Amino acid sequence: MNNLLLYGWNESLFQQMQATIYTEFMHGRVSITHKTCYEVVSETGTFTCELTGNMLHGRENSEYPCTGDWVIFQMIDADKGIILDMLARQKTLYRLKSGTVSEKQAIASHVDKAFIVQSLDDNFNVRRIERFMLQIADENIQPVLVLTKTDLGFNKDEVENALKHISHKIPTFFTSIQSQDSIDQLRDFISIGETVVFIGSSGVGKSTLINVLCKQEIMQTASISDSTGKGKHTSTRREMILMEGSGILIDTPGIKVFGVTNDDTDSLSEVLDISSFEGQCRFKNCQHINEKACAVIKAVKNGDIDKGVYENYLKLRKEALHFTTSVHEKRKQGKSFSKMVKEVKNNPFKEH
Ligand SMILES: Nc1nc2c(ncn2[C@@H]2O[C@H](COP(=O)(O)OP(=O)(O)O)[C@@H](O)[C@H]2O)c(=O)[nH]1
Ligand SMILES: [Mg+2]
Ligand SMILES: [Zn+2]
């Protein structure tokens with residue numbers, strides 16, 4: 001038996017389910033996403049579920065269930081089911097699907113905190129932290145920075161200096177698997193029913209952290225897969241697990257390039273802490289590139305805004321804009337295509 005309250009089930013989700021036509025069915029949380037099926041943790045156990053035809057149609061890729069989603073399903077066997085509906089998503093971590101310019105990919109949903117994990121040996125990169133922060137800014141997910149492998153040595157002053165413009169927005173933890181204290185502090189930061197997603201490059205120690213937090217070898221880590229050799233990956237891959245005592249942890253594979261899909265420039269300025277300067281530009285629609293009396297450029301010149309921060313601002317803004325225009329283009333093309341189909345249907349003999 002699983003207590004779904006520990007998995008984040010709450011009154012508002014319950015009310016949502018009551019408002020559907022599926023009140024008699026079972027509900028659960030997607031704990032792992034396979035290509036065409038899902039593992040769903042319910043009160044009575046874990047079920048492998050497929051989608052009903054209904055759920056398959058008329059959805060964008062990013063609208064299919066992802067790890068962390070709450071779904072309603074019909075049991076068809078002791079451990080099999082069919083997903084009938086999905087409860088409204090919130091607090092979702094998306095990214096730009098790699099190899100595309102306009103497609104979002106949902107990575108995890110109903111997430112309270114995102115642990116942005118970087119290792120202090122050679123992975124620490126403030127620009128990448130800013131990128132992650134922007135991506136979750138409008139989803140109401142709390143960013144948390146976890147800097148790992150402190151035992152390998154690092155310059156704390158340098159790190160803190162690099163983080164000073166964002167430090168009031170992102171609690172920061174320094175961890176090492178050799179320091180139980182550092183792990184305990186991180187665990188104390190996660191409460192019952194809260195969902196935490198771990199994001200960051202491959203090799204920074206995400207799976208290791210999850211294992212030590214859970215006091216179990218649940219996730220396969222680099223050292224383990226090294227010793228067992230490649231090709232021996234068993235079917236025990238896990239994504240979402242319940243931490244001993246409290247909290248739900250979601251592991252993600254190392255994502256090399258985390259493309260942003262958040263095009264809200266206000267959030268971007270907020271994340272990078274330049275909003276207060278923006279307000280002082282002479283022109284309301286100032287782009288902060290070469291306008292006269294631009295307070296942002298002035299602040300960059302006199303060192304109030306770090307040059308690296310400013311450059312990342314321009315870069316992220318450009319990327320986000322590119323995403324939005326691509327989505328817009330795609331929609332327009334989709335529309336003109338469906339319009340054409342309609343016209344052909346209405347008048348198949350006319351030249352189009
Ligand atoms: N020295 C040191 N090594 C660590 C620490 N945490 C993880 N590692 C090692 O880093 C490697 C990658 O860890 P892994 O958890 O697989 O990284 P992931 O790809 O982010 O999941 C493994 O060899 C771990 O043993 C740490 O705190 N200190
Ligand atoms: Mg891993
Ligand atoms: Zn300006």
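Student: Where does the second largest pocket lie relative to domain 1 (11-86) and domain 2 (93-227 + 237-250)?

Tutor: To place a pocket, look at who supplies its lining. Domain 1 (11-86) and domain 2 (93-227 + 237-250) both give residues to this lining, so the second largest pocket lies between them. Keep in mind that this is a predicted model.

Student: How much space lies in the second largest pocket?

Tutor: The second largest pocket holds about 760 Å³ of space.

Student: How many residues line it, and which lie nearest its centre?

Tutor: The lining has 28 residues. Thr33, His34, Pro65, Gln105 and Ala106 lie nearest the centre of the second largest pocket. Two elements each give two or more residues to that lining: strand 3 (45-51) and strand 7 (104-108). Strand 7 supplies the largest share, 4 residues.

Student: How do the residues of that lining divide by class?

Tutor: Sort them into nonpolar, polar and charged. The lining of the second largest pocket has 11 nonpolar, 9 polar and 8 charged residues.

Student: Now the ligand. Which residues come nearest to ligand 1?

Tutor: Start with the shell, the residues with a heavy atom within 4 Å. Around ligand 1 there are 16 residues, and Asp151, Gly203, Lys206, Thr208 and Ala222 come nearest.

Student: What polar atoms lie by the nitrogen and oxygen atoms of ligand 1?

Tutor: Asp151 has a polar side-chain atom 2.8 Å from a nitrogen atom of ligand 1. Gly203 places a backbone N or O atom 2.7 Å from an oxygen atom of the ligand. Gly205 has a polar backbone atom 3.0 Å from an oxygen atom of ligand 1.

Student: How much of the accessible area of ligand 1 does the protein cover?

Tutor: Compare the ligand on its own with the ligand in place. On its own, ligand 1 has 580 Å² of accessible area, and the protein covers 80% of that.

Student: Which elements give two or more residues to the shell around ligand 1?

Tutor: Helix 6 (206-214) and helix 7 (222-228) do. Helix 6 has the largest share of the shell, 3 residues. By class, the shell around ligand 1 has 4 nonpolar, 9 polar and 3 charged residues.

Student: Which residues line the largest cavity?

Tutor: Its lining is made of Leu134, Asn262, Asp263, Asp264, Thr265, Leu268, Leu316, Arg317 and Ala320. Helix 8 (265-271) and helix 11 (307-346) each give two or more residues to this lining. Helix 11 gives the most, 3 residues. By class, the lining of the largest cavity has 4 nonpolar, 2 polar and 3 charged residues.

Notes. Residues numbered from 1 in each chain as written. Chains lettered and ligands numbered in written order. Predicted model: local features only at pLDDT ≥ 70, side-chain atom pairs only at ≥ 80, totals over all residues. Heavy atoms only, no water. 1 Å grid on protein atoms, 1.4 Å probe; cavity = no way out; pocket = protein on both sides within 12 Å on 5 of 7 lines; lining within 4 Å. Nonpolar A, V, L, I, M, F, W, Y, C, P; charged D, E, K, R; others polar. Points joined across faces, edges and corners; volume = space filled by probe spheres on them. Domains from an automatic or database assignment. Polar contact = N/O pair within 3.5 Å; in protein donor to acceptor, adjacent residues only side chain to side chain. Areas by Shrake-Rupley, 256 points an atom, 1.4 Å probe, with all protein chains shown as cover.
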